[in-house]
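Please read the following report alongside the sequence and the coordinates shown here.

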2 protein chains.
Amino acid sequence: MVLTEGGWMDISEPISKSTIVWPGDPQAIITQVASFDIGDNYQLSEAFLNLHTGTHVDAPLHFIKEGKDVSQIRLETMMGEAKVLDASALTVISADWLMTKNLRKGDRLLFKTMKDNDIRQEKLSQMNFIALDVDAAYYLTELGIVLAGIDGLSIAKAEELNETHQVLLKNEIVIVEVLNLTGIQEGNYEMICLPIKIEGAEAAPARVLLRQL
Amino acid sequence: MVLTEGGWMDISEPISKSTIVWPGDPQAIITQVASFDIGDNYQLSEAFLNLHTGTHVDAPLHFIKEGKDVSQIRLETMMGEAKVLDASALTVISADWLMTKNLRKGDRLLFKTMKDNDIRQEKLSQMNFIALDVDAAYYLTELGIVLAGIDGLSIAKAEELNETHQVLLKNEIVIVEVLNLTGIQEGNYEMICLPIKIEGAEAAPARVLLRQL
């Protein structure tokens, strides 16, 4: 399995002014401070963005006061084998459902909650999205998984947002949100997930790739 | 060479309010809009940053009007074998010097311009930094390399900034700037360079890793 063989699929949600963010959070603003259109011979841009915009990693510090920030997450936790689980037929990802999936300590799990023919922007705007409930978070913690990713806005049901995040992050399970798993089937993959290295931040935008095992 | 074997070294410059940027560009601002310190039970941050802050990738659009933006760069160009060349004893990286290095079409080159005992913040603040001159850029273009990275603020000498960038980017050579190559010796490595996927942008912050071949 040589890196240079390629075959990587990009499962990152692009960042632009129209990227859907959590209700109430500001959308990204990208400003061209130099541009060919106004006679400059180069383009130069500045960005304003909530750090949870597009595909991003939540570090423990998001909900744990003395938790690690996003620049302190071990690279090994975010790189290696990952299992994509198709949860798109569910209403919630429960501990009971997870128990049928033969999961193991050290697993990296990516939950696919949208069907390939769903209109993604519409799904991302609805608050009744499919996500982990608190019991599922406790189950994954006891099991000892190391990373939980999802294609929706949040790993946690909206009505249990704080508790589910707290349970996962207290146990240093890395959370990856707003993946784009369109066209990715349930199965085992190799993953690279690299957030940019913002010191002291509870989260950061990330580029995430998958490759068939 | 299995990804999960680990051994990756992080050569990314962290982003914070004190990250040194090009003279005249604004430094990054990271704002906590929710924080444990003010009684919230979570932390939530927003960032304002020039897209050339910390380790970043320059896409053709930086200097080429109809050039590809950073979200359109092929992943394969930024992942695979890379050669670190120690240029720290030079005053400029010239075509003549490059000709002695047995370079080949398809190479990814990372130029180390700082010595391991240099004070990095000081070096990043000086405008007489070591970088490619225009002739070197033409030579690399004719050779057909695909990526040129450097540990300084710019791949190009300050006095030839525009022309050198134009030569490289017109030929779709991916530029990576502000790497941190402290402790990395000249030699051959495997590299992963992943900029975040900002649509329409001429550049984006990136996480960059090296591993011994």
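The report below goes from the fold of one chain to the contact between two chains and then to a single residue.

This is a predicted model, in which local features need pLDDT of at least 70 and side-chain atom pairs count only at pLDDT 80 or more, whereas totals for chains, interfaces and linings use all residues. Residues are numbered from 1 along each chain as its sequence is written, and chains are lettered from A and ligands numbered from 1 in the order in which they are written.

The model scores ipTM 0.96 and pTM 0.97. For chain A the mean pLDDT is 96, with 98% of its residues at 70 or more; pLDDT is the predictor's confidence in each residue, from 0 to 100.

Chain A contains 5 helices and 10 strands, taken as DSSP runs numbered from the N terminus (H or I of at least four residues for helices, E of at least two for strands). A compact globule of 213 residues would have a radius of gyration near 17 Å, and the 17 Å of chain A therefore agrees; this radius is taken over C-alpha atoms, and the globule rule is 2.2 Å times the number of residues to the power 0.38. Further values for chain A are tabulated here.

| Property of chain A | Value |
|---|---|
| Box filled by C-alpha atoms, along the principal axes | roughly 60 × 40 × 35 Å |
| Residues that count as buried, of 213 residues | 46% |
| Contacts joining residues at least 24 apart, among those at least 6 apart in sequence | 73% |

A residue is buried if 20 or more other C-beta atoms lie within 10 Å of its own, exposed if 12 or fewer, and partly exposed in between, while the C-beta atoms are placed from the backbone. Two residues are in contact if their C-beta atoms, placed in this way, lie within 7 Å.

The contact between the chains takes 49 residues from chain B and 49 residues from chain A. On the side of chain B that touches chain A, E3(B) gives the most, with 7 residues. Strand E3 of chain A (residues 44–50) pairs with E3(B) in the antiparallel sense over 5 bridges, where pairing requires that DSSP finds at least two bridges between two strands. Ala47(A) stands opposite Leu49(B) in E3(B).

Glu199(B) is located in the loop between strand E9 (187–195) and strand E10 (203–212) of chain B. Because Glu199(B) has 18 C-beta neighbours inside 10 Å, it counts as partly exposed. Leaving aside residues up to four places away in sequence, Glu199(B) touches Pro14(A), Ile15(A), Ser16(A), Asp69(B) and Ser71(B).
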